[in-house]
Amino acid sequence: MLDEVMLAVNVALATGRPLLLRGDPGSGKSSLAPYIARRRGWRYYEHVITSRTRATDLLWTYDHVRRLSDAQVRAPGESLADHRYVTPGPLWWAFAPGSAARSGEAARSGPRHSRREDPFREINDTRSPHHAVVLIDEIDKAEPDMPNSLLVPLGSNEFTVADTGEQIRKERSPGETRSAENRHLIIITTNEERELPQAFLRRCVVAWLPQPDSGRLVRIAQEHFTHYDEGFTESDRELAEMLAEELSRARSTAKKQGLRAPSTAEFLDAFRACRSIGISPADERWEMLKRLVLLKPQQPDE
């Protein structure tokens, strides 16, 4: 099944379509985007959707409050440049990082302090300036018409900043063609909490991400702790294998008790806690840790 997901990634790149990832909560949907970005050496951006998110939040935001405050204290005859109150969103940074880094007229005149900083600069500084992966997480939490509002910018890789009239277009590297390798990858996740518009679904490559089995959980732990922690030893592998089996049993228990099944993130929490404290499933403290991290009675299945 993982081969099918990777094929879906390549199809999304080849067609220039967003990749919509479906699957149960905890199946690792949100982890795929940073994984692809890391493996390809592409820049990475993300935005977690809420019920208040508008489509424009992924493109830009405009600070009306700060502009109003500045208007009240400005000197007579002083004008307020609208571009100073615009903050680029993740899609702007992905499509046109050069434009996103400039802050209007002051930046074009050259001062260093006038340039905006990449919000993910710590990981993006050493990555390709011409390619990016964007995660739009949990789009089903948005208002019903929000996904359709993204169709034009996602399809054309361009948009107009309504507050300034600035036209944002995908920046191309010298000699760049329209081949698949020059496209950005937009990954969108849904937890199926709300039905998505058919027009939106028609314009996506859609893949189902299953719950990871024991072998994949161990590989996830190895990848995660190799890149984000202090490494992954052979004893860590043995612990991860034991915890993966325990997670499988915990999921069965959760289903019988009407609880939410533990997720991949909670598996990683259990692994981190066991490694740090020195607990294994054979330890008498394991049942207590399992209740703290994997089986949470206060979170009934909805």
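Of the 302 residues in the protein chain, 45% count as buried; buried means under 20% relative accessible area, exposed over 50%, and partly exposed in between, with a 1.4 Å probe and protein chains only. Please note that this is a predicted model, in which local features need pLDDT of at least 70 and side-chain atom pairs count only at pLDDT 80 or more, while totals for chains, interfaces and linings use all residues. Residues are numbered from 1 along each chain as its sequence is written, and side-chain values use heavy atoms, with hydrogens and water left out.

The protein chain exposes about 16300 Å², of which carbon and sulfur atoms supply 49%; these accessible areas come from the Shrake-Rupley method with a 1.4 Å probe, and for residues only the protein chains shown count as cover. If we take contacts, meaning heavy atoms within 4.5 Å, between residues at least 6 apart in sequence, 75% of them join residues at least 24 apart.

Let me turn to secondary structure. The protein chain has 14 helices and nine strands, these being DSSP runs numbered from the N terminus (helices H or I, at least four residues; strands E, at least two). Five of the strands form an open sheet with parallel pairing, in the order β2-β5-β8-β1-β9; two strands pair if DSSP finds at least two bridges between them. Strands β2 (42–48) and β9 (205–208) stand at the edges with a single partner strand each, so one side of each has no neighbour in the sheet. On average, neighbouring strands of this sheet are turned by 20° against each other, direction ignored; the axes are lines fitted to C-alpha atoms, for helices over the stretch in contact, and angles run from 0 to 180 degrees between N-to-C directions.

How many bridges join β1 to β9? Four do, with β1 covering residues 19–22 and the two strands running parallel. Within this pair, leucine 19 has valine 205 of β9 as its bridge partner.

Finally, the charged side chains. The whole structure holds 13 salt bridges, each a side-chain nitrogen of Lys or Arg within 4 Å of a carboxyl oxygen of Asp or Glu. One of them joins arginine 121 and glutamate 117 at 3.3 Å, N to O; arginine 121 is partly exposed at 37%, whereas glutamate 117 is exposed at 54%. Another links glutamate 138 and lysine 141 at 3.0 Å, and Glu138, Lys141 and Glu193 belong to a network of salt bridges.
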